[in-house]
Amino acid sequence: MKQNKLHCWLALLRTPGVGPNRGRDLLAAFADAVDIFAASPASLAAVGLTQASISAIKNPPWDLIKQDVAWLKQTQHYLITIDDDLYPPLLKEIADPPLALFVAGDPNLLNTTQLAVVGSRNPSHTGKENAHSFAKALSCAGLTVTSGLALGIDAASHQGALAACGKTIAVLGTDLTNIYPDNNRALASEIIQQGGALVSEYSLHM
């Protein structure tokens with residue numbers, strides 16, 4: 001497989017021992033993901049990589065990366081890397097921002113004004129109604145409602161935003177090929193269909 005920039009980014013995200021902080025060290029040292037994979041083992045070791053990580057960089061899982069590329073070729077599927085203009089500026093300010101985000105839906109929503117609504121997975125009936133009502137009102141006011149697609153308050157918040165024909169972002173704790181919980185698969189599809197977005201920092205099938 002030709003090692004272009006996209007392939008190298010996808011391989012970097014799958015490299016064991018390379019999380020957000022080590023990944024930023026590599027990008028600072030080599031300037032580009034392609035340069036990382038062209039670097040010598042000695043140069044990689046000088047940045048602090050273990051032998052296992054160096055071996056993984058020299059022998060990427062191209063079969064898995066081929067699957068990643070096939071997913072990204074589908075409509076409304078995106079990879080937003082930390083050097084991309086669409087990467088949320090505020091996310092870069094946390095201690096360990098993800099190196100990249102997988103997005104299904106509208107990636108432009110990542111830079112809209114948002115309000116996060118999260119809460120219990122076993123709320124009272126009144127709690128769910130309040131979450132739905134607040135999210136609906138916030139959407140009507142022009143805010144993007146961001147939550148985690150979990151059962152309970154999260155789901156009610158997404159549903160409230162959709163009821164107002166507003167925009168909502170679901171940040172998943174799984175990759176985008178494994179929507180969790182299963183009960184919210186239909187909600188996830190509706191979010192995309194109504195112009196929202198699903199977001200994950202995890203490579204596919206992880």
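**Exercise 1. Describe the open sheet of 6 strands, asking which strands stand at its edges.**

Step 1. The 6 strands of this open sheet follow the order β1-β2-β6-β5-β4-β3, and their pairing is mixed; helices (H or I, at least four residues) and strands (E, at least two) are DSSP runs numbered from the N terminus, and two strands count as paired if DSSP finds at least two bridges between them.

Step 2. The edges are taken by β1 (77–81) and β3 (114–116), each of which has a single partner strand, so one side of each is left without a neighbour in the sheet.

Step 3. From one strand to the next, the twist averages 25°, where axes are lines fitted to C-alpha atoms, for helices over the stretch in contact, and angles run from 0 to 180 degrees between N-to-C directions.

Before going on, note that this is a predicted model, in which local features need pLDDT of at least 70 and side-chain atom pairs count only at pLDDT 80 or more, while totals for chains, interfaces and linings use all residues. Residues are numbered from 1 along each chain as its sequence is written, and side-chain values use heavy atoms, with hydrogens and water left out.

**Exercise 2. Decide which residues of helix α2 are buried, and where around its axis they lie.**

Step 1. In α2 (residues 20–30), the buried residues include Gly23, Leu26, Leu27 and Phe30; buried means under 20% relative accessible area, exposed over 50%, and partly exposed in between, with a 1.4 Å probe and protein chains only.

Step 2. These residues cover an arc of only 95° around the axis, which puts them on the same side of α2, the arc being that of the directions from the helix axis to the C-beta atoms.

Step 3. The cover over the buried residues of α2 includes α1 (5–13), α3 (33–38) and α4 (41–46).

Step 4. After α2 comes alanine 31, whose phi is positive, near 75°.

**Exercise 3. State how many salt bridges the structure holds, then examine three of them.**

Step 1. There are 5 salt bridges in the structure, a salt bridge being a side-chain nitrogen of Lys or Arg within 4 Å of a carboxyl oxygen of Asp or Glu.

Step 2. Aspartate 32 and lysine 5 meet in one of them, at 3.8 Å from N to O; because aspartate 32 lies in the loop between α2 and α3 and lysine 5 in helix α1, the pair ties together parts that are 27 residues apart in sequence.

Step 3. Arginine 14 and aspartate 68 form another, with their closest N and O atoms 3.0 Å apart. Arginine 14 is in the loop between α1 and α2 and aspartate 68 is in helix α6 (residues 62–72), so this pair ties together parts that are 54 residues apart in sequence. Arginine 14 is buried, with a relative accessible area of 17%, and aspartate 68 is buried, with 0%.

Step 4. Arginine 22 pairs with aspartate 25, their closest N and O atoms being 3.8 Å apart, and these residues, 3 apart in helix α2, are separated by about one helical turn.

Note on methods
Contact = heavy atoms within 4.5 Å.
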